[in-house]
Amino acid sequence: MSAPTGVIAGLTQLISPYIDVLPAEGPVDAPHVRVCDSPPSEDVWRRMVLESEYEPDRVVWVDDTRRRMALTNEDEGWTVQQLLRSVRYLLRWQVYERGDLFLHGGLVRAGDTGIAFLGHKRSGKTSSILSALLHGGADFVSNDDLVLTDPDVGALMGYGSPRTVNVRTDALLALARDTPALLSLLSDTSHPTNAFPGRHHTRDAVHSDTGNRLPGSVWVRCAELAHVTGRSLLPESRVDLVVLPRFDSTTDGPVMTRLTPQEAYRALSEHVEDNATKYDPYLAAWFPATDADRRTRLLRRLADRTPCYRLTQDMGRLADATSLLLATRATAGPVS
């Protein structure tokens, strides 16, 4: 990447400890992104507008021949955020090309155990991760952005990414009953989306018990999450346990159900990402090759060697679910 000093400094702060920023030693031929004062004028560039209901339109200039992106530095807060996304997307496509396994889930490390939470939207992944930090003393690796690779021996390794954590306000309010400091995330987070009058402030808005109108969700930086929970950020961890959470308010307390390797393989397959990212879709053409067979082997290895559980829980008893999870972790044993 190339960008003004202030933008690079802001980016470096946001992506630690997941990505290192080093000066280039010479001309860069690899795919890259640059930040400039005005739009590029050469004919090779085309303008792309990517719309969202939660933030201003994202405008990117694209040179497909040389695999370059360009952003304009109009608002440094948004410029740093968009540069972070562009760098993250390029890195994701590079590791997708080599066949690492992308899962829709997150990862924490509780003591010496890496616990992955996988699930569809609104299944309880983020709530479970926050509860593990608050009630289980876990450290944070990732949320909604989990990539697995294979060391020579032992468990698969999962590595995180500086992706902002989107926290539903109803989950935040539920967890704040035991940890009031979490309420600061409703007003003291730095992500520019929180101040934008998008869908989270209109159609998705919710009301607190006292009747205050609140955004439906908030965007929290990884470092902000670590600060408010008092936990550490880890760039990677082994994956020793996989949990597939779901909410059910009719159950009498949380329930953990062990899956067989065959059941685990089918369940895990539902949460495999079929490309590196759905954002900036033009990037798929920049990385036409991929090792799909390696991803299949990684998925099979995960299902065959890692204990997998379904966790049924209630939003109002997340602490109990975390206690049950950690007790189960101690007795999980190897996959038979």
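In the predicted model, the buried residues of helix 3 comprise Lys-125, Thr-126, Ser-127, Ser-128, Ile-129, Leu-130, Ser-131, Ala-132, Leu-133 and Leu-134. The helix is thus mostly covered, with ten of its twelve residues buried. Directly after helix 3, Gly-137 adopts a positive phi of about 65°.

Lys-125 has a relative accessibility of 5% and is therefore classed as buried, the cut-off being 20%. Its side chain forms a salt bridge with that of Asp-144, at an N to O distance of 3.6 Å. Because Lys-125 belongs to helix 3 (residues 125–136) whereas Asp-144 lies in the loop between strand 8 (139–142) and strand 9 (146–149), this pair ties together parts that are 19 residues apart in sequence.

A salt bridge of 3.1 Å (N to O) joins the side chains of Glu-53 and Arg-203. Glu-53 is located in the loop between strand 2 (46–50) and strand 3 (58–63), and Arg-203 in the loop between helix 4 (169–176) and strand 12 (206–207), so that the pair connects parts 150 residues apart in sequence. Glu-53 is partly exposed, its relative accessible area being 44%, while Arg-203 is exposed at 57%. Both residues take part in a network of salt bridges that also includes Arg-199 and Asp-204.

The side chains of Arg-246 and Asp-248 form a further salt bridge, with an N to O distance of 3.9 Å. Here Arg-246 is partly exposed at 44% relative accessibility, whereas Asp-248 is buried at 18%. In total, the structure contains 18 salt bridges. The chain carries 37 positive and 43 negative side chains, and the centres of these two sets are separated by 4 Å.

At the level of the whole chain, nine helices and 18 strands are present. The radius of gyration is 21 Å, in agreement with the value near 20 Å that a compact globule of 336 residues would have. The C-alpha trace spans about 65 × 55 × 30 Å along its principal axes. Of the 336 residues, 51% count as buried. Among contacts with a separation of 6 or more, 75% involve residues 24 or more positions apart.

Conventions:
Residues numbered from 1 in each chain as written. Predicted model: local features only at pLDDT ≥ 70, side-chain atom pairs only at ≥ 80, totals over all residues. Heavy atoms only, no water. Salt bridge = Lys/Arg side-chain N within 4 Å of Asp/Glu carboxyl O. Helix = DSSP H or I, 4+ residues; strand = E, 2+ residues; numbered from the N terminus. Buried < 20%, exposed > 50% of the residue type's maximum accessible area, 1.4 Å probe, protein only. Rg over C-alpha atoms; globule rule 2.2 N^0.38 Å. Contact = heavy atoms within 4.5 Å. Lys, Arg positive; Asp, Glu negative; His and termini not counted. Charge placed at Lys NZ, Arg CZ, Asp CG, Glu CD.
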